[in-house]
Amino acid sequence: MSRNVDSSKKNEQILSELLKIESNKYCADCGQKGKLVFGKWNFIKACLCAGTRWASWNIGVFLCIRCGGLHRSLGTHISKVKSVTLDKWTDDQIEVYYIIQKLNAEQINYFSQSSRRAMLK
């Protein structure tokens, strides 16, 4: 039981840290910005608007509540949506999400550098 509690708190901390990254404060689909309030030990305490309170953990993006609902309607075979604040995340879900986030960032950097090089030619 203690291991599950420790793991759950660790996963909440990881999500909190990911949400502090500027690009993660915006919904990946519509671009709406969220404002989160962090409580004791840097855990998410509240969200003051409909910003990034949801996440598709198999795609690696944060979503607003409206876009999270749209992703849920696509089906779990396409997008696996969880609440950042209400749902418990497993270690596997956090790991998959973190890896995909890192890959997404690398792809964005690659394409932005490629486009800059093309403009300079």
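Author: Of the 121 residues of the protein, 33% count as buried. The model is a predicted one, and its accessible surface comes to about 8,000 Å², with 58% of that area belonging to carbon and sulfur atoms.

The secondary structure consists of three helices and five strands. Read from the N terminus, the elements follow the order α-β-β-β-β-α-β-α. Among contacts between residues at least 6 apart in sequence, 53% join residues at least 24 apart.

In soluble globular proteins, nonpolar side chains tend to be buried together. Here the largest nonpolar core has ten residues: Leu15, Leu18, Leu19, Ala55, Trp57, Phe62, Val84, Trp89, Ile94 and Tyr97. Two helices, α1 (2-19) and α3 (91-120), each supply at least two residues of this core. Helix α1 gives the most to it, with three residues. Apart from this core lies another, made up of seven residues, including Trp54, Leu63, Cys64 and Val81.

How many disulfides does the model contain? The count is zero. Cysteine 27 and cysteine 67 show the reason. The closest cysteine sulfur to that of cysteine 27 belongs to cysteine 67, at 3.7 Å. A disulfide requires the two sulfur atoms to lie within 2.5 Å, so the separation of 3.7 Å is too far for a bond.

Finally, the confidence of the prediction should be kept in view. The mean pLDDT of the protein is 76, and 66% of its residues reach 70 or more. Where is confidence lowest, and where is it highest? Strand β2 (residues 44-47) is the lowest, with a mean of 46, whereas strand β5 (residues 81-83) is the highest, at 94. Over residues 44-49 the pLDDT is below 50, and in the model this stretch has 21 contacts beyond near neighbours in sequence. Val81, one of the residues of the seven-residue core, falls within the span of strand β5, residues 81-83.

Terms used
Residues are numbered from 1 along each chain as its sequence is written. This is a predicted model: local features need pLDDT of at least 70, side-chain atom pairs count only at pLDDT 80 or more; totals for chains, interfaces and linings use all residues. Side-chain values use heavy atoms; hydrogens and water are left out. A nonpolar core is a set of buried Ala, Val, Leu, Ile, Met, Phe, Trp, Tyr and Cys residues joined through side-chain atoms within 4.5 Å. Buried means under 20% relative accessible area, exposed over 50%, partly exposed in between (1.4 Å probe, protein chains only). Helices (H or I, at least four residues) and strands (E, at least two) are DSSP runs, numbered from the N terminus. Contact means heavy atoms within 4.5 Å. Accessible areas come from the Shrake-Rupley method with a 1.4 Å probe; for residues, only the protein chains shown count as cover. pLDDT is the predictor's confidence in each residue, from 0 to 100.
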